[in-house]
Amino acid sequence: MYREYIEKTIGLLREVTGLEDVMITDGGDHADLASTVSFALAKTQRKNPAQIAGELVSAISAKPEAKGIEISAKGPYINFIFGGDYVAESVRAARSPDYGTLPVRNEKVIIEHTSANPNGPLHVGHIRNTVIGDTLVRAFRKAGYPVEAQYYLNDMGRQIAIVAWGVKNLHYDRLPGEKGDEYIVRHYVEANRIAKAKPEIEPEFDSMMEKIEAGDPETVKLFHDSVDICADGIKETLSSMNVVHDKFVRETTFLWNGSMQDVLNRIEKLPTVHHEGQMMYLDLSGEGFGNRYVLRRSNGTSVYAARDLAFHLWKNAQCDRSIDVLGADHKLIGAQLQTTLKLIGEQPPEIVHFEFVSLPEGSMTTRGGVFITADELIAETTKRAMEEVTVRRPELSEEERAKIAAAVSVGAVRYDIVKVSAEKSTVFDWKEALDFERQSAPYIQYAHARACSILEKARADGGFTECYAYSDPYELALAKHIAQFPFVLEKVVVELRPHLLATYVRDLADLFNSFYRFAPVLKAEGNVRDARLTLVDACRNTLYQALGVLGIEALESM
């Protein structure tokens, strides 16, 4: 409803002003929408903006299409307040099981996210990519798009050569209960330690890279087996965070199917391509880049960038919109990729760059073996959540408390990461993330559980008859915020900013708690009780739908 009323308001303003841009803004605490168009008209009409605003209010109010919208002028500003029909229709819509789902779209979207090198477990630095990417996948699906989530699997680079060398030479036994990624990282860390102490083994890594590029069967099997073991462990971690990829795409695919060579042949025709022996690179200085964009090494082997170009051409052939989620340290190579694709006449991907998340405990590095894994983060968060749930609900069985703690911990991690806009760095704060009283995932989950509890008590007391008559300011504030959910979802997919949804659902929980505190529900009588219970049900469903898009379980009891 919110989108429809925005369009109706814009249409009315355009009709009476003759302007395309009618300067619509959020109305803040005083209105649903506002317009500053009188300032623009003052320049041509040579009148006081406040006088123009008054005249426009009179003209708009006289139109039949303005029925149901209260229009007023406050100085030069025009305010629009949506009336009872809007509120009733919005609350009714919000009780639908598919509330927020937008009309089906035909444009296929591929979102590539996480794509961490399979040389060890995902760590805290990786999972901001995961959470942002998965939330976008969920948002696009809710917005009606066919979406495919992809993980680009590095199965032939230098880091994988080090892993493969370790697996071939160290002969470690897999420990009982050891995940695949934990098993592989032991090889990777030790192989790096040995290489640092004995630089003379470095040529062995180069040799293995040459062999896999040549398709040597033994080397290919060694690389792929090592990568698959690690990837299985990574998938377990992703699953524990409610994340599933539709497809894992191997980097070697584009080497062996000829598509990498095809794109290099196209690049060869560009006037800015250069060779030094077997090395091949693009001079992108004319595009604002101060360094070479290397596509083939001096020994004739290809580099990641060449295969990445082929990967993106392959994606373009399968979708209408390609989106990559990349860390801030990939800004340069991401921009070079986009520029090169444009130079050969291809559509570049949209890129969501994010700054990094860290812990107060310090930095992380897989190479040195000093890092906090995503598994450890979730385990520690679950432990702390269990302690909090036990204090709050000691009467529950251990199994029930563990189930709640597991959902709370994943929600806490996901929400604390996604609530901050991608371009800002953030530190994961244990206390804040698990705070049931402040703006965190548990706080929002608790609002949903409270709504469920109210409705359960109402049903036990004979139920209620749906009613959509609202006048109390706390009722209206909550109902009007509920109405904005589909609009916020649409904004997330257009702007690729998932934190907007996190902010929306936090504010929804705030408004629900204020409503619960100042507008009694179960103690109300007659139509007021029915209307408030109807509103609670609409809020419950909106929280459920929004949390689902955020990948967070909407608990019915906490």
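Which residues of α13 are buried? The structure is a predicted model, in which local features need pLDDT of at least 70, side-chain atom pairs count only at pLDDT 80 or more, and totals for chains, interfaces and linings use all residues. Residues are numbered from 1 along each chain as its sequence is written, and side-chain values use heavy atoms, with hydrogens and water left out.

**View 1. Helix α13 (residues 331-343).** Helices (H or I, at least four residues) and strands (E, at least two) are DSSP runs, numbered from the N terminus. The expected span of a helix is 1.5 Å times one less than its number of residues. The 13 residues of α13 should therefore span 18 Å, which agrees with the 18 Å between its end C-alpha atoms. After α13 comes Gly345, with a positive phi near 80°.

**View 2. The buried residues of α13.** Gly334, Gln336, Leu337, Thr339, Thr340 and Leu341 are buried (under 20% relative accessible area, with exposed over 50% and partly exposed in between; 1.4 Å probe, protein chains only). Among the elements that cover these residues are helix α12 (304-316) and strand β11 (321-327).

**View 3. Arg532 in helix α21 (residues 526-549).** Arg532 has 10% relative accessibility and therefore counts as buried. Leaving aside residues up to four places away in sequence, Arg532 touches (heavy atoms within 4.5 Å) residues including Tyr470, Asp472, Glu475 and Phe515.

**View 4. Cys452 and Cys539.** The structure holds zero disulfides (pairs of cysteine sulfur atoms within 2.5 Å). The closest cysteine sulfur to that of Cys452 belongs to Cys539, and at 10 Å it is too far for a bond. Cys452 is buried, with a relative accessible area of 12%.
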